[in-house]
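Here's a quick tour for anyone opening this one up for the first time. Take a look, then read on.

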Number of protein chains: 2
Amino acid sequence: MNPVAPLLASLQTELGADAVLSAEADLDGFTEDWRGRFKAPALCVALPSTAAQVSAVVRLCAAHGVPVLPQGGNTSLCGGAVPASEGVRPVIVNLSRMRRIRSIDAANGSMEVEAGCVLKTVQDAAAAEQRLFPVSLGAEGSCQIGGNLSTNAGGTGVLRYGNARDNVLGLEVVLADGTIWNGLRALRKDNTGLDLKHLFIGTEGTLGIITAATLKLHPLPTHHALAWFAPVDPAAALRILGMFQAACGSRLNAFEMINRRQLELVIEHVPERRNPLGELHDWHVLVELADTRGGEEMAALLQHTLEQAADAGLIVDAVFASNDTQRAALWEIRHSVSEANKKAGVGLTTDCAVPVSAVPAFIEQSTRAVHAIIPGLDILIVAHLGDGNAHFIPFFTFDAWREFPDPVAMATAMRHCVNEVAHELHGTFSAEHGVGQTGLSEMAHYKSAIELTLMRAVKQALDPHQLFNPGRLLP
Amino acid sequence: MNPVAPLLASLQTELGADAVLSAEADLDGFTEDWRGRFKAPALCVALPSTAAQVSAVVRLCAAHGVPVLPQGGNTSLCGGAVPASEGVRPVIVNLSRMRRIRSIDAANGSMEVEAGCVLKTVQDAAAAEQRLFPVSLGAEGSCQIGGNLSTNAGGTGVLRYGNARDNVLGLEVVLADGTIWNGLRALRKDNTGLDLKHLFIGTEGTLGIITAATLKLHPLPTHHALAWFAPVDPAAALRILGMFQAACGSRLNAFEMINRRQLELVIEHVPERRNPLGELHDWHVLVELADTRGGEEMAALLQHTLEQAADAGLIVDAVFASNDTQRAALWEIRHSVSEANKKAGVGLTTDCAVPVSAVPAFIEQSTRAVHAIIPGLDILIVAHLGDGNAHFIPFFTFDAWREFPDPVAMATAMRHCVNEVAHELHGTFSAEHGVGQTGLSEMAHYKSAIELTLMRAVKQALDPHQLFNPGRLLP
């Protein structure tokens, strides 16, 4: 008899037959990542609709000694949301059916949502109440808030509003023994001991399954001013960032930089994307101000600050968005990089952060390191400059990639040489994507023994039988 | 032979004789809190100058089985920084000699400081580089950053910039086995597993001793606009807060409310404090906008928003600060409440937070509950309204207080009935002051069994021999 049959039967009893998928054909969308780079079998996919059902799944898996892999929108860029090829096949607990917005308290600036809510849905629900939920990233149309929180997602709003971690007030979490912890507080301040939510934010489902969250909302900026400009180089962009911070303070809403080759790929591979400037330059920055007031005045401030930068010889060219349509079009260029790169070839995405002041050195030294392996290789750069987070992407055509006898080894070597540069500059190999599968060897390499020991002690304390995502995060 | 003599001798060898105080007369400033409400003996006070010396002290105490009590500026409002009367006498590790500002990176918006730096010194060093360290509170002239972080201090900057937790990038911590964990990263993003710093922030020295921190700095607002006004009542103040958030967005820098009796005490007991308005009103709010630009324009915005509130019948009277001197004078009223209350009598400070939308109900119901015990008792209210954090303070003259046969029981009962109201409104008994000694019974009462179990599991994992602050935080 199939030893998993009793578990499947029990899961079906608890969740209903339609909420447990085990046929090979039904599993593809859950066992393979969206870029098609990771695929490994799961025992089944459970689709609970309530925290109580998540708890039941966890208890059953614990009883059967089968590991649990929590999954949201499956948009991980590092294989974090799908099974690994080694180890016991897990039960994937996909949270998509937990997608209720439970409540919004506009006066408190908070909303309670279930883990499976798509990020865009959360943003829209907040906006309908004249509030902002500021976490924003390319995958926002399909990623889910539970995944955003368990990976502590970054994105383009971090400069002003912080990471996902900074925009959550409380959590509901199913623990390794099936207990449901209700930590859904809607408080701006609560100093009663260890802030337990931070155990589950950014730990990639290894300590518990986030089933709901109380999110922090902000006043909704209603006026925006946006420019797209070509700085002389990254060091110039950094100086301009400083000018904007000094002149515009909290209005500074985004400061995103891409390089020439990245812009070319977007223009070539994504319909309706065009170069905003007359010609292609080496570097491009999208800068946005946002406020609750001051349309013309803020546009003038944007223009004035860029003129200052131009007078200082830091800018080659610039264009201003003069209405919301133009503004959206410029943002679409920025948001199209993943789609373009997926279509154009194979990009070895890295996700380093260094101190903001070290970004120019990081780009320069990483370029040198990669070109020492493959001279002249295309490099794409997508930088959240204000966060010190530069996605440095060695890029291959499909044809070139197919020629490598051992592409995995090549990818690992390439990423490692970039991560090495970040490490030398007191940076990290994972700024916002998380560790997933690609970062596991780097965890072993870069994390100090003390940090690994502390993390293992907490893992042992909360999940002593290694039920949640065994083998993940801690090498 | 005195069994502690060998430990004292070893400590003196490691730290130097002048860095170990054990004579009764030398200990007073360390074993008694600043309001004179808690006093209990310590074995000695160690004054290390480096993290290595802190490590040595921890190892020696562990070897001798003597508990360690970390201490900063000893400004706790809940007895958190001094020994308890029960239990083994601890070695107080006072961090005052670790007071170097190690470095500032203005372009990265970060600074590395030692735990014993006084908060005001940190603020000033940041300001000298045109940056803001936004944690600000009444005790800022004497509290230390290590204490601010291990208690996750709040204060008047939380509305805009978050709690102490939100303004730290990295920590250096001495662990229970004496290991020094160097987590002094200066990164805005770092998603490599459990964010370890949150284990030590807000846990009041029970999991490790913070010896240094990398702090997050912000653009320095250079323009301010401030008003002092009398709202009709707390519900009106809340509506006005909403108006300010919608109109002013990120500019809103402070929104602090005090009641009539609190203002009276400040005027009566602190020299040079005057009522800013023509007469005394029931409620008073200090509202401040701050920005990197727009002096007159921002003053107009402030005035316009208050006029809107007046038109809606929400305001009784208002005055605007027309220069920095007037602005400072109005802030001084707010910052003088602790001094006034200490001089005037005995205030039973509570520290509840509820959802912002529930503050008016909290004030009303707490007043009713306290007056059910002692009809007509003076009540002081000092509210960080935008954070949902209202210090509701039953207040006694010294004479009245002396008449209570069991003042401790009375204080506990009073606080508990206020905390009970907060709990009913989904709030907390400790918003920003921490648990210390006064909150310990409330931890036992209000924390769910699950949360206490999780906290104990982490404590056991990190400090298995209960070296740090035994008996604290976890009842």
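Where in chain B does B:Thr206 lie? B:Thr206 sits in the loop between helix 7 (197-200) and strand 10 (209-216) of chain B; helices (H or I, at least four residues) and strands (E, at least two) are DSSP runs numbered from the N terminus. This is a predicted model, where local features need pLDDT of at least 70, side-chain atom pairs count only at pLDDT 80 or more, and totals for chains, interfaces and linings use all residues. Residues are numbered from 1 along each chain as its sequence is written, chains are lettered from A and ligands numbered from 1 in the order in which they are written, and side-chain values use heavy atoms, with hydrogens and water left out.

Back to B:Thr206: its relative accessibility is 5%, so B:Thr206 counts as buried (under 20% relative accessible area, 1.4 Å probe, protein chains only). Leaving aside residues up to four places away in sequence, B:Thr206 touches residues including B:Lys459, B:Asp463 and B:Phe468 (contact means heavy atoms within 4.5 Å).

| Item | Value |
|---|---|
| Axes of helix 17 (residues 449-462) of chain A and helix 17 (residues 449-462) of chain B, distance | within 9 Å |
| Axes of helix 17 of chain A and helix 17 of chain B, crossing angle | roughly 140° |

Definitions and conventions
Axes are lines fitted to C-alpha atoms, for helices over the stretch in contact, and angles run from 0 to 180 degrees between N-to-C directions. Buried means under 20% relative accessible area, exposed over 50%, partly exposed in between (1.4 Å probe, protein chains only).
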